Amino acid sequence: MAAMAVRAALRGLLGRFRRRTQASVPAGGVRGAAQGAAAGRPDYDLLVIGGGSGGLACAKEAAQLGKKVAVVDYVEPSPQGTRWGLGGTCVNVGCIPKKLMHHAALLGGMIRDAPHYGWEMPQQVPHDWSKMAEAVQNYVKSLNWGHRVQLQERKVSYFNMKASFVNEHVVRGVTKGGKETLLSAKHIVIATGGRPKYPTHIEGAVEHGITSDDIFWLKESPGKTLVVGASYVALECAGFLTGLGLDTTVMMRSIPLRGFDQQMSALVTDYMASHGTRFLRGCTALRVKRLLDNQLQVTWKDLASGREDMDTFNTVLWAVGRVPETRNLNLEKAGVNTNPESKKILVDAREATSVPHIYAIGDTAEGRPELTPTAIMAGRLLAQRLCDQSSDLMDYDNVPTTVFTPLEYGCVGLSEEAAVARHGEEHVEVYHAYYKPLEFTVAERDASQCYIKMVCLRKPPKPVLGLHFLGPNAGVGPPMRR
């Protein structure tokens, strides 16, 4: 019934959108845009390449402030054929579906706690992946259409096209069918985000593996799953898969949560291991082979001993990093400089690239946190500056974040390692405590990994350099991580 209601709501939303489109798009609109570009007149005050959180926030803000704005967005299907709508990583294959599936897994723990609070529960409460997936995917689709409607209401032109630069003021858009359109603008914002990286050097990785681009759109349960990687994406996915009752293994080459406080990271993985997630530490995958029974045979090497081992899985999920979506933009034709190693776009404090009227925000920009709320705020502030409404710059210092593992990890500021590296061990003091959350008491849950620590300078007034919290609901305060 809930799914039928969502579909009905989406049909109504789609109907409104179509009527508005027919009423607002001038005859020959695409041809007119191409002619305007060819004549040297800017078609738009602002052109945003990328329809994710940051790009949409920038476009909507600029349009609301009276500018003529266009958004060009296109989602290249994953190697497994997964595709999605407007809204970018966070809406479609990041924060939103991840947090919903994380919540679904937490509900399983609450069901196990319920008898301690007087609820009479059956011995076994099975989980239905298909039902959960349908509900999550329907909600995501409603957000896709919501963004389309919001652009329409603000009179932002939307082009579902692959974008690439012709020169510093002109962008070529190509539809799925191959039709080309030229769009020109006074200012251009690049907000194309990033995509998961495949380990192409591993035999069978691309043919037989999936990534976070696919896991949230699976119609059927992934079954026994190998998650390769130790990033926040890897641990978050492994955490909710285990919580949903699936046999889950994490293969990690080195340390978990690189860049985060390593004491806290160790507690995160300790908790996961004690709740059923298996860890293969110091191992690297060598090849993936599909067997006759459709299972995946994975062979890996233990880096310490050099010994090879293997096991079979239903699903292999790669979570070995992300790459910015900049390769096909023809940035060199516009004179936009990138970091040759990361391929991210070099920007200054104003988000400007090497070309003063071209900007980059979010995950494509070098040195920026890969977080949805910062991209949104950066986009809004950039739009306000371009519209002469403000001179405020985005402050990227001390941005809080959360890792949505089964026991959530929230932090802000420096890790203990970073504080020692910056100030010296003799100048750093750490205040810390283990604690037992109230919700763990009646249910007699193990609170061995519930921990908080504050990293400070030793010299008075002892300013706080970093704050780290591991426990239930750590994500209530800090923003959603991608």
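How are H3 and H12 oriented relative to each other, roughly parallel or roughly perpendicular? Their axes cross at roughly 30°, so H3 and H12 are roughly parallel, a label for angles under 35 degrees.

A quick word on the model: it is predicted, so local features need pLDDT of at least 70 and side-chain atom pairs pLDDT 80 or more, while totals for chains, interfaces and linings use all residues. Residues are numbered from 1 along each chain, and side-chain values use heavy atoms, without hydrogens and water.

Two packed helices are described by the angle between their axes and the distance between the axes. Here are the two pairs:

| Pair | Angle | Axis distance |
|---|---|---|
| H3 (residues 53-64) and H12 (residues 372-386) | roughly 30° | within 7 Å |
| H9 (residues 232-243) and H10 (residues 262-274) | about 25° | 11 Å |

Residues in contact (heavy atoms within 4.5 Å) include Ala57 and Cys58 of H3 and Ile376 and Gly379 of H12.

H9 and H10 are roughly parallel to each other too, but their crossing is left-handed, meaning anticlockwise. Leu235, Ala238 and Gly239 in H9 meet Val268, Thr269 and Met272 in H10.

In the loop between strand S9 (248-252) and H10 you'll find aspartate 261. Beyond its neighbours within four places in sequence, aspartate 261 touches residues including Tyr409, Lys453 and His468.

Conventions
Axes are lines fitted to C-alpha atoms, for helices over the stretch in contact, and angles run from 0 to 180 degrees between N-to-C directions. Helices (H or I, at least four residues) and strands (E, at least two) are DSSP runs, numbered from the N terminus. Angles under 35 degrees count as roughly parallel, over 145 as roughly antiparallel, 65 to 115 as roughly perpendicular and the rest as oblique.
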